[in-house]
Amino acid sequence: MYISYRRIVTRRTRSPRFLSETLVCSQLSEGVEVGPSPKQKGSVEVARKSPVASWLCAMLYCFGSYILADVLLGGCPLDYFQYNSHIVLASTIWYLVFFCPLNLFYKCVAFLPVKLVLVALKEVVRTRKIAAGVHHAHHAYHNGFLIMVIIGYVKGSGVALISNFEQLLRGVWRPETNEILNMSFPTKASLYGAILFTLQEAHLLPVSKSTLICLFTVFMATTKVILTFRHSHGSPFVLIESWVCHLLFGSPLGGGEEEHHAVPVAPVSPVKTKEELGEGTRKRKSKKAE
């Protein structure tokens with residue numbers, strides 16, 4: 001049942017898949033994480049020195065969600081690699097991004113109007129993957145609502161969840177970029193979307209699946225395009241999450257996503273303060289003596 005449904009979803013999303021994987025490989029070329037973390041250098045150098053490692057990183061970026069979902073459901077993590085056309089397509093995009101003469105392909109992809117189109121179509125694929133993951137988990141575990149949410153969440157944000165493993169292939173280790181600790185907007189939206197699709201699959205949400213897919217796709221594509229156009233790593237959920245966490249868990253009210261990822265300023269040492277006070281006292285005594 002799952003394989004046949006996945007083939008249906010794959011055929012429906014084949015045209016935007018090319019553009020989605022193009023954006024993914026361009027992000028890998030830039031050396032940036034899926035979440036709001038600083039840029040990392042070394043992706044292009046790794047592609048020049050070790051093309052095999054770079055190709056493996058690209059395959060993880062393109063198919064990481066399928067691999068992680070298969071592992072969680074007890075399937076073979078290499079099952080998705082049976083689709084030769086997808087492997088050839090992803091490999092071709094990887095080669096063009098990293099080795100195209102004069103870097104023309106990457107420059108075209110990085111051109112802002114083109115990038116906005118790629119970002120929007122990537123969210124189309126993400127929504128379909130979340131719906132497919134929840135549908136699969138529903139047939140395997142009919143009453144396992146938590147499993148449905150987890151599989152849908154992994155299908156939507158699997159690339160971000162395994163980004164630390166991808167870093168190891170490039171010889172980089174940044175545990176502070178763990179996506180579970182610092183969730184980006186796509187990761188949060190994938191979680192909320194998995195919850196919505198689970199409620200719909202359990203007939204607890206009075207809306208058809210096609211309508212929910214359409215509405216969620218429009219929301220994701222519109223929000224992501226706006227954030228990309230503004231070069232922002234923020235999230236529209238920040239204000240609501242801040243109030244909910246404050247009411248339920250007693251967390252302090254935050255000012256925004258940028259403050260959450262800002263580099264903390266080192267506090268003033270109390271020893272230094274005492275020294276400054278001592279210097280001020282000595283200056284006042286010297287003025288009185290004069």
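1. A word on the record comes before anything else: UniProt positions are given in the numbering used here, feature names are shortened, and annotations may be inferred rather than shown by experiment. Under "transmembrane region", the UniProt entry, which is unreviewed, lists residues 52-73, 104-125 and 145-165. In the model, residues 52-73 are 95% helix and 0% strand, with end C-alpha atoms 28 Å apart; residues 145-165 likewise are 95% helix and 0% strand, and their end C-alpha atoms lie 28 Å apart. Helices here are DSSP runs (H or I, at least four residues), as are strands (E, at least two), numbered from the N terminus.

2. This is a predicted model, in which local features need pLDDT of at least 70 and side-chain atom pairs count only at pLDDT 80 or more, while totals for chains, interfaces and linings use all residues. Residues are numbered from 1 along each chain as its sequence is written, and side-chain values use heavy atoms, with hydrogens and water left out.

3. On confidence, pLDDT (the predictor's confidence in each residue, from 0 to 100) has a mean of 77 for the protein, and 73% of the residues reach 70 or more. Residues 1-15 have pLDDT below 50, and this stretch has 23 contacts in the model beyond near neighbours in sequence; a contact means heavy atoms within 4.5 Å. Over residues 31-41 the pLDDT also stays under 50, and here the model has 29 contacts beyond four places in sequence.

4. How many residues are in the largest nonpolar core, and which touch the most other members? A nonpolar core is a set of buried Ala, Val, Leu, Ile, Met, Phe, Trp, Tyr and Cys residues joined through side-chain atoms within 4.5 Å, where buried means under 20% relative accessible area, exposed over 50%, and partly exposed in between (1.4 Å probe, protein chains only). The largest has 19 residues, of which Met59, Phe63, Tyr80, Ala90, Val97, Phe98 and Phe105 touch the most other members. The elements giving two or more residues to this core are α4, α5 and α6 (104-110), and α5 gives the most, with 6 residues. Apart from this core lies another, of 18 residues, among them Ile130, Tyr153, Phe197 and Met220.

5. Aromatic rings pair if the centres of Phe, Tyr or Trp rings (for Trp, the six-membered ring) lie within 6.5 Å; planes under 30 degrees apart count as stacked, over 60 as edge-to-face and the rest as tilted. By this rule there are 15 aromatic pairs. One of them, Phe63 with Tyr80, is tilted, at 5.2 Å centre to centre and 40° between the planes. Phe63 sits in helix α4 (residues 51-72) and Tyr80 in the loop between α4 and α5 (84-99), so that this pair links parts of the chain 17 residues apart. Phe63 is buried at a relative accessible area of 0%, and Tyr80 is buried at 0% too.

6. Phe185 and Phe219 form an edge-to-face pair, 6.3 Å centre to centre with 70° between the planes. Because Phe185 lies in helix α10 (residues 185-201) and Phe219 in helix α11 (residues 209-229), the pair ties together parts that are 34 residues apart in sequence. Phe185 is buried at 3% relative accessibility, whereas Phe219 is partly exposed at 31%. Ring pairs link Phe185, Tyr192, Phe197, Phe216, Phe219 and Phe237 into a cluster.

7. Thr198 also belongs to helix α10 and is buried, at 4% relative accessibility. The Thr198 side chain reaches the backbone oxygen of Ala194 at 2.7 Å. Neighbours within four places in sequence aside, Thr198 is in contact with Val134, Phe145, Met148 and Val149.

Conventions
Polar contact = N/O pair within 3.5 Å; in protein donor to acceptor, adjacent residues only side chain to side chain.
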